[in-house]
Protein chains: 2
Amino acid sequence: MRQTDREIVRDLKLFKDVDADVFDDLMTASYAQRMPPHVELIREGESADFLHIVLDGCVELFSSGHGRETSMAIVTPVSTFILAATVNDAPFLMSARTIESSKLLLIPSQNVRDAFARDPHFARAIVTELAQCYRSVVKSMKNLKLRTSIERVGNYIIRLHDKAGGAEIIELPYGKKNLASILGMTPENLSRAFGALQSHGILMDGARIEITDRAALEAISKPNRLIDDPRS
Amino acid sequence: MRQTDREIVRDLKLFKDVDADVFDDLMTASYAQRMPPHVELIREGESADFLHIVLDGCVELFSSGHGRETSMAIVTPVSTFILAATVNDAPFLMSARTIESSKLLLIPSQNVRDAFARDPHFARAIVTELAQCYRSVVKSMKNLKLRTSIERVGNYIIRLHDKAGGAEIIELPYGKKNLASILGMTPENLSRAFGALQSHGILMDGARIEITDRAALEAISKPNRLIDDPRS
DNA sequence: CGGTGAATTGACACTTTTCAATGCGGGTGG
DNA sequence: CCACCCGCATTGAAAAGTGTCAATTCACCG
């Protein structure tokens, strides 16, 4: 694996405080790998042989059953996924596939568990990361159960707007089909929601969105710190 | 706190392997408390001063916003809740209230974090518990996004049936209003779903359900290990 | 004994999904 | 280089599912 990748991983909250030799062992055992778009990385029900880290690109976590399929989350750099299955040595609850060409780091699960036992700092970091994953799913669930579809779309745009530092023009980071599934609706409904929001402070043009009236957008979306704030 | 309670807590997976003196410190700092039904224990947004453990009774985790409200989970003995907020020292994402009269054990969050740092066994147990919480929410979310309301109700009954060891007559453990909210629907719709399932292997009588044809119930519910199995 | 709240049922309205048709790119292969 | 095709996005119309409102019954509790 490349030295720059190694430094990127080292800077992750999960690895920042890990002992040098423990970190070395983890990295020595790991594989960095570039994947084309739309490659299935893992399938739900299989066992967790590697902890995955997205170094570059974009990975979709999804789940399916009886002809239906839904996106559960989108993982962007630099984050881990399937940590829970790894530490508990349990089968995946979700499948994963690349959305775009992506660089991944695979760390053997056994090494992760060993490092956990050897290094209290790593243990502490894993707990923090796991707790964040948990809270993130809880927020998604509140988003789904407590909000109408238009509110979900509106708040998604607000988050994008914030992440872009309040830029007037923002761009959807991936296709609307994925986005619709994440937000718990059909692509057709997402289209209509975007349409409806155009009288409430936004202007759509394909994947580009112009924020014309942030106050109006917030008025209809009713953002909530305990759902939308990625910190907290 | 009573000696029997102490032994019950000691037998929890979370505390089974904890060092004796660490466990002593935790218990000395803790409070056991009996609460009447329908008491609000914590409110979302507040900070996590105590890790909560349900020793007896039944606690509802719920969330609200802009006039809407939804149940997120029901915690039954003997389990912890708000562990993630406790270990990360973050604000609650959910509120909690007793459903019935309940006995709770409250452990100061600072003591939990101290014990985590002192005892690797406790650290390991916390990770396992957190990962289980995470996986449990993911399953709930799959249940919501991947299934129709009738399938959700059907699978809920199947789980009850299994928990009761396959008894022909089973009983709903709490009110239908709560159940409806957990399953992501209105009480009216839950009534109709129960009605619809009566031609598929069940017979309702108030809170009592007779399982007349388990195969038919499974045929319409399509149970899935990766959603319904509490282990895994 | 009256009051309160849960559960059930029916009618209705609304949201969401489904199906179908169209237009718009981005690729591939001729 | 262009024609073609495939998948995505959009739009409309119909169908299904779900939520809302209202009325009734029932059990429980003060």
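**Reading a protein–DNA model**

In this predicted model, the surface near DNA strand C consists of 6 charged, 5 polar and 1 nonpolar residues when they are sorted by class.

Q: Which residues lie around DNA strand C?

A: Chain A contributes Ser149, Met185, Thr186, Glu188, Asn189 and Arg192, while chain B contributes Gly175, Lys176, Lys177, Glu188, Ser191 and Arg192. Of the atoms of DNA strand C that come within 4 Å of the protein, sugar and phosphate account for 62%.

Q: How is the surface near DNA strand D made up by class, and which residues form it?

A: This surface has 6 charged, 5 polar and 1 nonpolar residues. From chain A come Gly175, Lys176, Lys177, Glu188, Ser191 and Arg192, and from chain B come Ser149, Met185, Thr186, Glu188, Asn189 and Arg192. Sugar and phosphate make up 58% of the atoms of DNA strand D that come within 4 Å of the protein. A base nitrogen of DNA strand D lies 3.2 Å from a polar side-chain atom of A:Arg192, a base nitrogen is also 3.2 Å from an N or O atom in the side chain of B:Glu188, and a polar side-chain atom of B:Ser149 is 3.0 Å from a phosphate oxygen.

Q: How should I read a sheet, and what is the order of the strands in the open sheet of chain A?

A: Strands of a sheet pair through backbone hydrogen bonds, in either a parallel or an antiparallel way. Here the open sheet has 4 strands in the order E2-E7-E4-E5, with antiparallel pairing. Strand E2 (40–42) and strand E5 (68–75) of chain A are the edge strands, each pairing on one side only. On average, neighbouring strands of this sheet are turned by 35° against each other, direction ignored. Between E2(A) and strand E7 (residues 95–98) of chain A there are 2 bridges, and A:Glu40 stands opposite A:Arg97 in E7(A). Helix H5 (residues 120–146) of chain B lies across strand E4 (59–65) and E5 of chain A, at about 135° to E5(A).

Q: How are two packed helices described, and why do H2(A) and H4(A) count as roughly antiparallel or parallel?

A: Two packed helices are described by the angle between their axes and by the distance between those axes. For helix H2 (residues 20–28) and helix H4 (residues 109–118) of chain A, the angle is about 175° and the axes are 10 Å apart. Because angles over 145 degrees count as roughly antiparallel, H2(A) and H4(A) are roughly antiparallel to each other. In this contact, A:Asp21, A:Val22, A:Asp25 and A:Leu26 in H2(A) meet A:Asn111, A:Val112, A:Ala115 and A:Arg118 in H4(A). These residues divide into 4 nonpolar, 1 polar and 3 charged.

Q: Where is A:Val78 found, and is the peptide bond from A:Pro77 to A:Val78 cis or trans?

A: A:Val78 is in the loop between E5 and strand E6 (79–81) of chain A, and the bond that joins A:Pro77 to A:Val78 is cis, with omega near -10°. In chain B, a cis peptide bond joins B:Pro77 and B:Val78, with omega about -15°.

Conventions. Residues numbered from 1 in each chain as written. Chains lettered and ligands numbered in written order. Predicted model: local features only at pLDDT ≥ 70, side-chain atom pairs only at ≥ 80, totals over all residues. Heavy atoms only, no water. Pairing = 2+ DSSP bridges. Axes fitted to C-alpha atoms, helices over the stretch in contact; angles between N-to-C directions. Contact = heavy atoms within 4.5 Å. Near = heavy atom within 4 Å. Polar contact = N/O pair within 3.5 Å; in protein donor to acceptor, adjacent residues only side chain to side chain. Nonpolar A, V, L, I, M, F, W, Y, C, P; charged D, E, K, R; others polar. Parallel < 35°, antiparallel > 145°, perpendicular 65-115°, else oblique.
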